[in-house]
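Here is a short report for a first look at this model. Please keep the sequence and the structure in view as you read.

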Amino acid sequence: MYVCFWFLAEFELTMPERKPELVVKLAKQGFLSVSVCRLSSGGDSQQPPKFTPPPKPVIIDKTQTVASLRKFLSPEFIPPRQRTNPLKFYMERKDMVRRRTVIAIPEFYVGSILAVTMADPNSSGKTNRFVGICIQRGGKGLGATFVLRNIINNQGVEICYEMYNPRIQEIQVLKLEKRLDDNLMYLRDALPEYSTVDPNMKPLSNSPTGEVHVNTMKVRMKPRPWSKRWERPKFNIQGIRFDLYLSPQRMEHAQKWAEPWREYDMLKEYDTEELEEKIYAEVQQGLNKPKAEC
């Protein structure tokens, strides 16, 4: 570009009378770029505009899941009644938070569909992946467990996982939802279609801020006898169509085992609101620490 401007300056001094014709001729032959080398009306060459770098691109990784913005405290962090301040549970919470900095344990409920990838203890370097519906959560602290159920080759398969087992490599939520009951062990006596999950199921998107969807479906059961008398009040089951299998007389007979006085038992009251707030702040503080400090 500097050579071009020098050539035009020399050309104006030596041959001013033939300047327009020669410039057009050189431009047609490709020896001169009129888009870069322009002459201003005053005779001085016009300086090129100042370079403005383009804005930096924003890269969005769509393969990463959006972290839940709901305030959720996993139930295993809440210690049992009358055991709220022992050193044991405090040390366990430290270990649980440290484990959660290594592997992401997502928010899930009984009724959610999960996929768990676990290292195979009998074959080095290999993993096993199981997909199923969560039918039960239990245990406290490092002893927290959850049970997944699926129907494989017309056979019911259940696996009980220890949530903080170091062999677990990934816990993925394929479908986040709740059910009418906090325990779905009655699916053992239900029709197989209610426990069947596609092993190749793709994750379904869910809102990280909205309320978790509650599935109000009621299942149909196999013919009696069942493994337990699910109609009795102590189970408080809402997700079974009892009207299809039990007569009104049997349902009335089941109410004989009701214990209505337990509703007024003040010794069973266990208010954990303040304790949950304290533990939630402790857990979030531990998760937000840099890995070097953990």
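F89, E92, R93, M96, V97, R99 and R100 are buried in α3. Buried means under 20% relative accessible area, exposed over 50%, and partly exposed in between (1.4 Å probe, protein chains only). Seen down the axis of α3, these buried residues fall within an arc of 155°, so they line one face of the helix. The arc is that of the directions from the helix axis to the C-beta atoms. They pack against β5 (168-175) and α5 (273-287).

Helices (H or I, at least four residues) and strands (E, at least two) are DSSP runs, numbered from the N terminus.

## Basis of the model

This is a predicted model: local features need pLDDT of at least 70, side-chain atom pairs count only at pLDDT 80 or more, and totals for chains, interfaces and linings use all residues. Residues are numbered from 1 along each chain as its sequence is written, and side-chain values use heavy atoms, with hydrogens and water left out.

## Confidence

The mean pLDDT of the chain (the predictor's confidence in each residue, from 0 to 100) is 82, and 78% of its residues reach 70 or more. Confidence is lowest in helix α1 (residues 2-14), at a mean of 46. It is highest in strand β3 (residues 145-152), at 96. Where pLDDT is low, the predicted coordinates should not be read in detail.

## Tyrosine 161

Y161 sits in strand β4 (residues 155-162). Y161 is buried, at a relative accessible area of 6%. Beyond its neighbours within four places in sequence, Y161 has contacts (heavy atoms within 4.5 Å) that include V116, F130 and I168.
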